Amino acid sequence: MSELRQRPGRDADGQQQDSEGKESEFESKLDGETASDSECKSEIAQAAPVDDTPEVLNRALSNLSSRWKNWWVRGILTLAMIVFFFIIIYLGPMVLMMIVMCVQIKCFQEIITIGYNVYHSYELPWFRTLSWYFLLCVNYFFYGETVTDYFFTLVQREEPLRILSKYHRFISFALYLTGFCMFVLSLVKKHYRLQFYMFGWTHVTLLIVVTQSHLIIHNLFEGMIWFIVPISCVICNDIMAYMFGFFFGRTPLIKLSPKKTWEGFIGGFFATVVFGLLLSYVMSGYRCFVCPVEFNNDTNSFTVDCDPPELFQLQEYNIPLVLQSVVGWKTVRMYPFQIHSIALSTFASLIGPFGGFFASGFKRAFKIKDFANTIPGHGGIMDRFDCQYLMATFVNVYIASFIRGPNPSKLIQQLLTLRPDQQLNIFNTLKAHLVDKGMLAGSEDA
């Protein structure tokens, strides 16, 4: 801070040039390509992660080399996370939504903390407070939209909720505008550029973390299979790419992640596609996985009971002539969803890893190994979900483009909010349309 204080005896221009020079100097220190070796070593030493492996594992694996020790630590913790994943699936969609919310908050905290650690010496006012305030505003907007869509009857039943729903977007905008004004009032001379850096940092983090976690919840409401299969494919690809790379990896894949190899990338792809087909076949036979998650107003609880749509009913497909001589079959029975699972698993194994590469580039830019030390051998929560967020966006776009049609229940909900004359006008228009198509008998009065 002493370097940034005004020095007596300088004119205004001199002070401004000195301030800009100092800012440029600090910015250059944050750039790995221009920083000196001593500064780089200092920064890396400060960011070097401590050994967070549990003492029990350290003692049990003390005779192994660091390579195999890391392999066992990652394997044991991976199995523990998979077991935890099965437990929360068993507990139902409400618990899954709460877990998504917790993961979102933790990922946001890890990224914001990196920004705070980089710029903490400037003592920027209100940075953390405003960051969490904007997180609250964005979550209020997104979850308010979700509540209105999926809990419409409950919202209309309660007067306070009905008012909040009616003016939801205005309230959301007012909350954001309050934070915007607070940011402007917090601007401090000589730190303008850095404060706007952090304003952008917060908003990009919100875009990456909050928006995409909201899409995960929307996928969940379409049916738990749209939540479980994509996430499982990413997990499978991560595990199998690591296994193939560990045992067979020879050819480096990308400079951002020196440990990634072409052998692991290709092996992970084929293993993920097979895994996606098998998992989809198993899950498509259970209503609790394929039915949309809906809110039952009578019991005030979520239900996942329905007649399985055609997408989850076994169909018979002809095998191409080229393959008939190889497999010895002419037809095969499978669920249509399994065909869609090929697209999901292909994206998870070919495009999904680029979310991890993006995160690797981000960490290299700030000379850190992991986002945090939450999970021994794996890093922070964001280190485990860097590919999941990209996958969630793809699944949501895929459903909207190829699967989902107009939702009759939502259309009815919207119609019920109209005035009686508007409802009558829509009724007459729909009746005339059906009469013209011959689906409804006309009458003299019509």
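**Group meeting: helix packing and salt bridges**

Okay, let's start with a helix pair: α6 and helix α10, residues 192-221, pack at an angle of about 25 degrees, and their axes are 10 Å apart. Angles under 35 degrees count as roughly parallel, so that makes α6 roughly parallel to α10. As for handedness, α6 passes α10 in a right-handed crossing. Keep in mind that what you have on screen is a predicted model.

Who makes that contact? On the α6 side, the residues include Phe127, Phe134, Leu135, Val138, Phe142 and Tyr143, with Asp149 and Tyr150 among them too. From α10 you get, among others, Met198, Phe199, Leu206, Val210, Ile217 and Phe221, and the histidines His203, His214 and His218 are also in the contact.

Let me zoom out for a second. The protein chain has 19 helices and 6 strands. It runs to 446 residues, and 38% of them are buried. If you take contacts between residues at least 6 apart in sequence, 68% of them join residues at least 24 apart.

Now the annotation. The UniProt record, an unreviewed entry, puts "transmembrane region" at 126-143, 170-188, 195-217, 223-249, 261-283 and 337-359. I looked at two of those spans in the model. Residues 126-143 are 94% helix and 0% strand, with 25 Å between the end C-alpha atoms. For residues 261-283 the end C-alpha atoms are 32 Å apart, and that span comes out at 96% helix and 4% strand.

On to charges. Side chains of opposite charge can pair when their charged atoms come close. How many salt bridges does the structure hold? The count is 7 salt bridges, and I'll walk through a few.

First up, back to α6. Glu145 and Arg169 meet through their side chains in a salt bridge, 3.1 Å from N to O. This pair links distant parts of the chain: Glu145 sits in helix α6, residues 127-150, while Arg169 is in helix α9, residues 168-186, and the two are 24 residues apart. Arg169, at 56% relative accessibility, counts as exposed.

Next one: Arg287 forms a salt bridge with Asp305, and their closest N and O atoms are 3.5 Å apart. Arg287 lies in helix α13, residues 287-290, and Asp305 is in the loop between β4 (301-303) and β5 (315-318), so this pair ties together parts that are 18 residues apart in sequence. With a relative accessible area of 41%, Arg287 is partly exposed, whereas Asp305 is exposed at 59%.

Last pair. Asp383 and Lys363 meet in a side-chain salt bridge, 2.7 Å from N to O. Asp383 belongs to helix α17, residues 381-403, and Lys363 to helix α16, residues 353-365, so the pair ties together parts that are 20 residues apart in sequence. And what about burial for these two? Asp383 is buried, with a relative accessible area of 5%, and Lys363 also counts as buried, at 10% relative accessibility.

Note on methods:
Residues numbered from 1 in each chain as written. Predicted model: local features only at pLDDT ≥ 70, side-chain atom pairs only at ≥ 80, totals over all residues. Heavy atoms only, no water. UniProt positions renumbered as here; feature names shortened; annotations may be inferred. Salt bridge = Lys/Arg side-chain N within 4 Å of Asp/Glu carboxyl O. Buried < 20%, exposed > 50% of the residue type's maximum accessible area, 1.4 Å probe, protein only. Axes fitted to C-alpha atoms, helices over the stretch in contact; angles between N-to-C directions. Parallel < 35°, antiparallel > 145°, perpendicular 65-115°, else oblique. Left-handed = near helix turned anticlockwise from the far one by under 90°. Contact = heavy atoms within 4.5 Å.
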